[in-house]
Each structure stands twice: as structure tokens, then as C-alpha cells.
Amino acid sequence: MSKYYLGIDLGSTTSKAVIINEKDEIIGRGITNTRANYKVAADIAREEAEYDARFSLLTQQLKNEIAEYPEFMKYMADIRSVFQYRQFERRMDLLKKTLRETVDGFAYDNKDEIADRLNDILNIIGPQIRHEFLEEDLGSRNQFFRDIINERYNQEVEKVDRKYFEPLMLAFDKSITPVENQMLQFNFKELVDESMRVLEVKYQGLADMQEDKEDWYFSELNAVKNNFKSLESSLRGHIDQIAGEEIHIVNMVGTGYGRALLPFPEDCIKSEILCHAFGAHAVFPNTRTVLDIGGQDTKAIQVDSHGLVTSFHMNDRCAAGCGRYLGYIADEFGISINELGPEAMEADKETDICSTCTVFAGAEVRELLNNGEKRPNILAGLHKAIVQRSMSLIARSGGVRNEFTFTGGVARNQAVLKYVTEMVKDSYGDVTMNIHTDSIFMGALGGAMFARRNIKVDLPAKAKAIN
Amino acid sequence: MPQEAQKEKSMILQKEMINGLFDELEKAKETGKKVCYTFVPGNLSELIRTFDMLPVYPEINALQSAMRKKSGAYIKEAEKNAHSEDVCTYVKCDVGMMLKGNIGPTGQKIPEPDILLLSYTGCFTFMKWFETLKREYPNAEVIMLHTPYQENGEIRPEMTEYMVKQLREEAIPKMEKISGVKFDEEKLKKHLKLAKEAQDWITKIFETTKHRPSPIDAYFAGVYYIGPINIGFRGTQEAVDYYKELYSEIQERIDLGLGPITPEGEMKEEKYRLVVEGPPNWTSFREFWKIFYDMGAVIVASSYTKVGGVYDMGWRHDPERPLESLAEYCMNCYTNLNIPQRIDLLSKCIQDYHADGYVTNSIKSCNSFSAGQLGMMREIEDRLEIPVGFIESDLVDPRYFSYSNIKNRLESFFQMLEQRKIITATEEVV
Amino acid sequence: MKAIRELIAECSTQAFDLHFTRAKEWKAEKEGRVVVGYMPIYFPREIIHAAGALPVGIFGGGDRKQVIKGDAYYQSYICRIPRSIMELVLDKHTAHFDGYIFPSICDVIRNLSGIFKQQKIGKFVKYMDFPQNFLPEIGGVYYQQEMAHVLKYIKDLNGVEVTTDALNHSIGLYNKNRELIELIYHIRQEFPWRLSIEDVYHVIRAGTVIPVEEHNDILKQVCAHIQQDIGKPQDKIKVVISGAFCEQPSIGLIRAIEEAGCYVVDDDYMLGSRMIMGPVDPDTDNPLEAIASAYIRQSQYSSSIYDVHDPKELRLAKIVKDRGADGVIFASASFCDPSLLDAPIFQNAFDRMGIRYMAFQFSENINQFKVIKEQVGAFSDSIKLWDEEPIVI
């Protein structure tokens, strides 16, 4: 049986899980933003990572077939999309039910009308989301359940009569958290079967839809469409096998802010500093300086050629300069955290922000808005201020010495990325800068790698000594 | 268990000394003894004793209040009285205690000062503190004894001369006037001789951490050990006896190969040897200590235990130069050293005591310690290639101690140390 | 004579020239010239001048310098000025400075001198330990020794042995300088609308970065202008600002206070330039003793000087009375120990004396001050609308 290793990174805003094989290759990733207890968060992330791992294994097994029939690739991706949608849908059904119950429990006189509006909204956003999952690959965008629903729900609530606004928002706020925190069990095989059935319908319906898509797309699609029956049967065997296979986790390591709360034995708990550095170094072996901006902490880490930490600095008690600050700012502007970066990128200049203090920033932002400053410019200024703080931290830890790798959830924010790139270049010249799409998973990856090594007995230095 | 019994003996001695002092303070009105408020850094115990006065140390009262969980309320009281949230919490704790009736750590009332002896050594806040006290106690005599800072890493003759003149022409005449006791240089010399003896012993005690395992923790237990020498007993036979006793107890631990004693018994395995810069947190002193001993970390030297005098570089009171040595003593206290001197001293500790790591506890209240610590840490890290750790807390403000924050940072630091140790070990094999 | 706006514009350029260009030019004029930077609050610039060197004030980066490297040296609970000074120095703004003097203000500035020493910034670094003993034969003598120490550093660089005549000459120039500055305050006391406090600030701060002879020339012209009946009075109360003696508020904040309805008739922004009240004896055989004696006998109160012999609350109350001010605004830099620890002393005393006051905190880079402006406006209104009770001291 193949051996796998699990790393779990319990951050203050998200929990991540990574599964690796014996070659340190990532075969599964899972992430959740549930704010339930850490145990549930870890389980949800792990479960996701396992589904992801099965898809990876499936793709691996089909390597030869895919080489021969490239259309398999498209089919696999489609199965994945539907699979993700089915998972989403299950939770969505739960949310619908909870929302209706919540409204039903209201003491408002007009609660029937509220229920009607709620149904209207759900009837609009349900198909909308389904469409985005199946046709626009929403599932691959790493968005959380809450964010996906929130955005569209809010949009629709805005459109209904003002008198329903309060109750509808209240219903959502009351319902979302318990739904989000619910652990849902899926059967991989059943879900894949369902997905394949959905695809069957989809492909049959595609025959006459040749409008503005590009040629290559249709050649691929046609190939799938024409062959999907045969594909389906050759896949079936593999799917059955993979679905039945146990993902045998030999060892696991927990890290992150909530690591102490994980029900893991003591030697399976590692500091996130070590894990982030190890993970970043594994992906980019020439890394010597790692900047990690997480929800609660920002860390500047120096590593040696083995990926082991030689020194690190964390932000001081003040929350300025880490992801949490962005959260406050998003709240202040009443927008979602995902919209911050893109809006800041529209700025034509950065407004000076002097108070990186979360307490004062709010007042400052309001004053700037009153003074007629443009919102994107203020946001740009705020992003810059955060990055300035992390630059100080890097300076504190000894500066950028060689390749520089930027990790953590905040690395996905384009505006932060822009300023980090600019400022590192300003201060340290043309150093190689690495930012990976998996940046948010670096801690979990490092954890999984520590799990594989069982660090005490199997360190790189020891390997070197034997050589 | 013989060593347990002996451990208690030095502790009993210390307790007796301190209780005796507070008893005397309580009865000061009746006995007619004069009360002198002063500070630990640059404290002139020998001179105070020469005039048969009783010392009160406001910052010791503040830290004691913190250990008894009373500081939070005192600080709030001071903040209600226009004190800023951002200034030294020793001051605020003391002001709050005063506003609440000036009941000291033993539950006895502390008498008002007859003299405010401000030998302001290495800390500007002391000056502001006594300006504040002077307004509360308008009848107290103030003696401002300016201790020049070792800005160039040296004591120039004019600095000593300046201090001696202040002692001779201002401090001593005022003390004579208030106490009604004539200055007796021979008596001062006797106290200085005993002070020197105590300094010899305490130096030997702090040097025992060179042993492996270290028989004591030079920070968490060290703060208790420095008690007698810092709070008014330096220059007495009692202090000498205490340190002799303590030394023999520690010697016994060394002979038995025992590690330091913690509140939860003996530390089993010495995994890391550390040097710590900065005062401890007092409000959560036990929890703070526990994070270290749970990880098998022992502090082999700390700068905080040198605030009341730096003795490990060989300096001693000299009975033959009484006033000069009082002056030098003040100028030699840790926070009166400049940043390069502090770096050198800490580096020497790291090397002499074979430390594996260096930790800064950055105290919000204390700019004298904290301003510059980050630069010091970088320099030490570069110079000695030693792992460094950085945490933040406060002296006596319970709002400024975040257990999880500190634990998280220290855990990372210890795991980094562990990695480094394994690497170094394997590299040595090669 | 130049027009007043022209003079002000010139001064505002100099005052906030964080590259210290005038000093650079001055140094380039002649081989071997020495530039000495000094930090707030006060330093006897006379002695540097007499040694043929140029004293230049370093008052931080204000809201005009992005701070990154400097931040690496300081925890979040330490004031901002040492960070921006480090940033200026590390960014080579002061590359033409030969030495640095750190007058004793507080533990932060004191330790900053140690960081300079450790980083080997400049050819000399001197922490100037002002005496806290105020007996001429004790503290005064020590002060003279400290000054001699500074002179030795300069002599090592330029070979100048300072003479009595040179010192007396320099004392005379700085006496004139302070006299003219005081004249501005004197005129403004009655006619505060003739020159805004923002302009006053520019004029005085410019004097910290240019040769004193040039500054005296500017001051003379400014005084001549404001002796004319210019500007129009507005309905504002008169206040004294106290507490902002080291880290400086941004110019916008200085302006905002007056805009919000308060004529600032006295302040401690540029305390060092006004520290000695009245002339130093310019005609003695021992000028260093004269300077020391002036420091001991004629200093303005300061949060950095032990004050028990002459309590600061009474001194500030006297300033309020002498200036005919309606109240006091305490402006403390965030995390400024000397200023913040003095606050309860002042405020308790003023409560007893019935002097109106308000307090806020700032940091040098704050450039949004709506809240402060609102508070100051409310303070001003409350005094305007309230009774006309005289201040009792």
C-alpha cells in the first residue's frame, strides 16, 4: 500500500491540509474557512484534501490513456467541476433549509412575505451558481462557500424592497455559520457516479451549441462528446479502484496558530515558522528568505540551504501589517476581502496612511473618504502600509539575502503582491522572487514534509553526513 | 530530603530579612527612624544604613503588587488620574497603590517618605516618578543625585568627581539634617566592606550556571537571589550570611548533579541554555517561567539581575574610597551602560556560560531597557551566530501579557533551537 | 528687504529640507569644514559655532519620510522620532554630517546614541548629559566639562582650538537670535494674526539648519514686517501649546490648531531655540561658564529637566498669564514618556488653579487630524461661549 503524509495548518482565518506522497509531491490540498472548533476545521480540510488526492491519483493512473487520448483531460476536469458542485450543492441545500427555518422562527408579522422573498432569491442564485460551477469553473477559484453565497445573496437582497433588507440579512447571518461549520460526509464513488451522469446529460445537449467559442475548444469538446461513452467505460474501472483505495496516512503534523488545540501527540505539532520555511524551501530550493503574511501574524524567516530556520521575526503585538488588518479594512468599506486587492489595483496613486493601527485606521479611512479621496487610492495606501510593515520585519530579520519567497493567504492579494515586489526590489535590488499559486498551502506542505521525515531521526544534514 | 531542607533555609533567611524590614517600616513613626524612598538601580544602601534610615523601593512594591495580582486595579486607578496608558506601569502601579492607602506587599502600611533619594541611574522615568511623588509628599526632602550615563562606554574622572561632589555637598548634608545622625565615614566603610563580601558571593552564585546541568536558573530564580543585595541589605552581615548559605545549597546541587528547582519541582532535563535580556513579566511570572522549564530551557545569565549592580566584570565597592566607590557603583549599573557595552556584556555571558540561544523580553514600560534591543539582538546574532528569540510583555500591566502570543513565539524559537542542535551535532560527526 | 511671503517660503523650504542642502553647500564652500547634527531639545549651539563648525538640528522625518528601515529598530510602543531619524541616516540624508550630538531628553534618545555608536555612524557620537544638579560649582562645572568634551571631538576633526573671543562672539550671535525670536512672540502676543503659528514655525525651524548669521538676517526682516499693522484679527481664543518639544507635529497639525479657532501665543515646538531666556553674558573670561550658568539660571522649564526646585506647573501657569492666554493645549507625542508623565502633574495643578486645558496625542507622521481639529474647535467654542472669568494663579 502506498504511504501518504498529512500536514494540517490551522490558521486564524483558514485551515489548510496537504497530503504528500513519498516523493514530497503534493497530491491533495484542502482548505476551509470554517470558524467552528479546530477539530472540525481540521477534519473538513483533511476531507477535502483526500478528495483532491483521489482525483490526483486518478489522473496519475490515467497518464497513459491521457497521453493517447488528450480529450480525457477535459473530461476529468469536467468531472471535477461537477464533483465540486455536488459538494457545494449539498451544503447549499442545508443552507436553504436552515434559512427557511430561521425565517420561520422570526417574530415579524410579515414573515410569510419574507419567506417568499427568500425563496425568490434562492431560486435566482441557485441556478446562477450551478451555471458558474459547471460552465465557468468556479470550483477552481478557491473560493469559500460563505464567500460564494454571500456575494450573490447580498446582490439580490439589495434589489428587493428595503423593508425586507434587515430580516433577510439577519436570516443569513444567523444561518451561515452553523451550516459552514457542519461536517458533511460524502461518498467519493457515489459523487463521481453522479457527476458522470450529469456530464452525460450535458454532453448530449451540447451538440447544437456552436456559437462564439474558439475552434480548439470545440474540437476537444466534440471529441469528448463523441467518445464519452467509451471514455466512461474505460474510466469506470479506475474510478472504482481509486474510490475503494484507502489513502493511508502514515504520519501527520499539525501547525499554525491553533496547532496546540489539535488532538495530535506532542511530537506531531510543529511551529508554523518551521513549516512555512520548510514548505517554501521545498518548492523553491534556493529560497533563503521567506515572508509569510497570515491572518494573525506576519513572519520574516531566514532559512539555510536545507530549508531549516536560522532566524525569524514576527510582527509585534500590534495587528497592523497582517491579514487581520485587511479584514478590518474590508469591514470598514463594507466589501468582501477578495475585492480589496482588485480595487486597490485600480488606484492612480497611493493615499498616505499613517496609522497602521487597526483601531485608528478606521477613523482615518472615514476622514479620507470625507475629504473626497478616491476609494481605490485609499485602499492602495492601506495595502502599501501593510507591506511597509512587513518590509520592516524583513529588515529586522536581516534583510533579503538570496531568493525570496512570499507565502501565506495574503500572497493571493494582487495589490499586496505588487507592493511586496516593488519594495523588495527597491531595498534589495534584483533578487529572485517566488510566489506560488499554492502559497497559502506552504505551512501545511512543510508540516506534511516534517511528517514524512519524522524530523528527529531523518534530517537532511544527517543524510549529508552519511554521504 | 536534606537538600529540600537546606533550600528552605536560604528562603527562610530571605523572608525573615524582608519581613523584618517591613515591620521596622511599620513602626518607623514610633521608633523615630527616618524613611528614605529610593530605587534599585544605583541604590545607596550603605549610605542609607550609615544614617540608620529605612529604605523603601517603590518599584519593588510595584512588582510585588503584580505578583499578588493587585497591579491591574492600581494601574487603572492611576489612569483615572490622568496617567497615560502608554507610560511606565511601575509608576502607575505605585501611584495607584498610594491612592489606595499605600498598603505594602506584607499588608502593612508603608510610611510616608522623609527623604526622596533620587539616584537616577539609567532611567529618566525615575526622575518623573519622583517629581510625581514630591507633589504627593511636599514635606519630603528631595535629594537629586545625578548619575552620568556611560555614554562613551567609560567612567571619566570628571564623572566620578561630579558624583562625589553631589554626595559630599548635597546628599550627605541633607541626610544628616533629616536623620539627625552625623555622617560617620568609618561606619560607611564597614558597610562597604560587607557590601564587597556580598558581591563576591553573589558573583560566585551566578557563576555556578557554568555547570551542566546548571544548578540554578539565573533569571526566574535569579530575581529572588538578587533580592537582599538590591533592596537594602547590601552592606549588612545578614546579606553576607544569606549568600553564603545560598551558595552552599547550590554547591550541594552541583555535587549531586542536579538541575534548577522550579515551582513544580526539579527540572529533569536541561535541553537549552539561554541568556535573557530584559526584565521579566511579573503579573504572570509563574506562567511565563513555566513555558521555559516545560521546554527544558534554563536561563544561565540575564541582564535583569544586573540592574542593581554589575559585579561579574570584577567591580567591587572599595572601603578605602568610600564616596568614589558609591559613585562608581551607580554608574556601573546595567541600564547605565551604553548599547555597545550592553552588547559586549551579553556576548560575554553567552560565551562564558555556553548558551545555545539569546532571548529578548521586550518590556513595553521600560524604554531604558527596550529602546535599542532590536539592534542589540541583530548585532549579537551576527557576531555570535546564535539563534535569537524576541517576545513582548510588560512589567506589571496584566493587559499586556498575552500568554498564547508569547508561547507561540517561544515554541517556534525552541523548535528552531532543536533543529539547529541536531544539525550542529551531525555536522560535528562529519 | 524681501517680502514676507518670500521670506516664509524660503524658510519653509529650509525647515523641511530633509537632505540638509544648506549644510552641504556650507561645507563645500571651504575645505575641512565640520557639520554637527544635534537632536532635540536643546543644545548650546554657540560652542559649535565658535569651533568653526555648523550645528544642524535633526528633528525627525515628520510626515515627509517613509519609514521602513528605521522601523526595524523599534518596537511599536516606542515613539516615532528615533525611527525616522534612523531612516534619514540609513538613507544617507546626513552623509555630510561629521558628528552627532544627543542631548539628554529621555531613555529612547539616549539609547539611540548607542545605536549610532554601535553602527559607527558619523565620526563622533556624543550623548550630552545635561546636569540635573543645579549648583554652579557642581552641575555647572560638570556641564562645562561636557561642553569641553564636544569641543575636543570637533577639534580632532578641524584642528580648531576655541578661543574666548570666538565663544563670546558666538554667544552674541545666538543672543541676538533668541532676542529676535522672542520679539516675534512678543508681537504676536498682542497681534497673533500678523503671522500665523505655521509661519512662525517655519521661520524658527529654518534657523536650526542654516548658519545663525543668515537666520538672524531673516529674523530681522520678519520682525520688521510684523511690526507693521498687517493682517486682520479673527475671533479666536489664545492658547499655549505644551508637550511637543521633541518629536514634532506635522505642519498640517500645527496649522489645524489655529484654523480650529486658537491663536497659539506660545508653544514648545522648537523649545531648543528658545530654551535660554534672556542673554548669555557675552563678555566674560570664561564663556563656557557663562553658558553653563545661563542653563542653570535662565532655562525654560522642560520635561527633561528635574524641576522640583522650580515646579513646571507654576511656570507654565505663569506663561499662560503673561501671554494673556485663555487656555493650554497639551500635545504629546504618542509614547513620549517625559511629556505623558508630566501630564497628570500639569492637569491636577490646572484643575486646582482653574486654568482650562485640553490634551491630545499625535505622532509626527499623522496628517489626518479631523478629530483633533474638532476637539480643538470645541475647546475654543467652550471658552468663547463660557464666562469671562479671569485666570487665578
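Tutor: The model is a predicted one. In chain C, seven bridges join strand β7 (residues 327-333) to strand β8 (residues 356-362).

Student: How do you know that β7(C) and β8(C) pair?
Tutor: Pairing needs at least two bridges. β7(C) and β8(C) have seven, and the two strands run parallel. So they count as paired. One example is S332(C), whose bridge partner in β8(C) is Q361(C).

Student: What makes a right-handed β-α-β unit in chain C?
Tutor: Its parts are β7(C), helix α14 (residues 337-353) of chain C and β8(C). With the strands pointing away from the viewer, a right-handed path over the helix runs clockwise. The unit in chain C is right-handed, so its path runs that way.

Student: What is the strand order of the open sheet in chain C?
Tutor: The order is β6-β5-β7-β8, four strands with parallel pairing. The edges are β6 (262-266) and β8 of chain C, since each pairs on one side only. From one strand to the next, the twist averages 35°.

Student: How do you know that β5(C) pairs with β7(C)?
Tutor: Four bridges join β5 (residues 237-242) of chain C to β7(C), and the strands run parallel. The rule asks for at least two, so this pair passes. V240(C) stands opposite V328(C) in β7(C).

Student: Which helix packs on this sheet, touching β5, β6 and β7 of chain C?
Tutor: Helix α13 (residues 312-323) of chain C does. Its direction makes about 155° with that of β5(C).

Student: Now chain B. Why are β2 and β4 of chain B said to stand at the edges?
Tutor: The open sheet of chain B has four strands in the order β2-β1-β3-β4, paired parallel. β2 (54-56) and β4 (141-146) of chain B each have a single partner strand, so one side of each lacks a neighbour in the sheet. Neighbouring strands here are turned by 25° against each other on average, direction ignored.

Student: How many bridges join β1(B) to β3(B)?
Tutor: Two, between β1 (residues 35-37) and β3 (residues 115-120) of chain B. The cut-off is at least two, so this pair meets it. C36(B) stands opposite I115(B) in β3(B). Helix α7 (residues 124-136) of chain B packs on the sheet and touches β1, β3 and β4 of chain B. The direction of α7(B) makes about 165° with that of β3(B).

Student: Why is the pair K126(C) and E151(B) called a salt bridge?
Tutor: The closest N and O atoms are 3.0 Å apart. The limit is 4 Å, from a side-chain nitrogen of Lys or Arg to a carboxyl oxygen of Asp or Glu. So this Lys and Glu qualify. Between chain B and chain C the count is six salt bridges. α7(B) gives the most to the side of chain B that touches chain C, with nine residues.

Student: What else describes chain B against chain C?
Tutor: 58 residues of chain B are in contact with 56 residues of chain C. The two chains bury about 4,700 Å² between them, 56% of it on carbon and sulfur atoms.

Conventions:
Residues numbered from 1 in each chain as written. Chains lettered and ligands numbered in written order. Predicted model: local features only at pLDDT ≥ 70, side-chain atom pairs only at ≥ 80, totals over all residues. Heavy atoms only, no water. Axes fitted to C-alpha atoms, helices over the stretch in contact; angles between N-to-C directions. Contact = heavy atoms within 4.5 Å. Buried area = accessible area lost by both parts, 1.4 Å probe.
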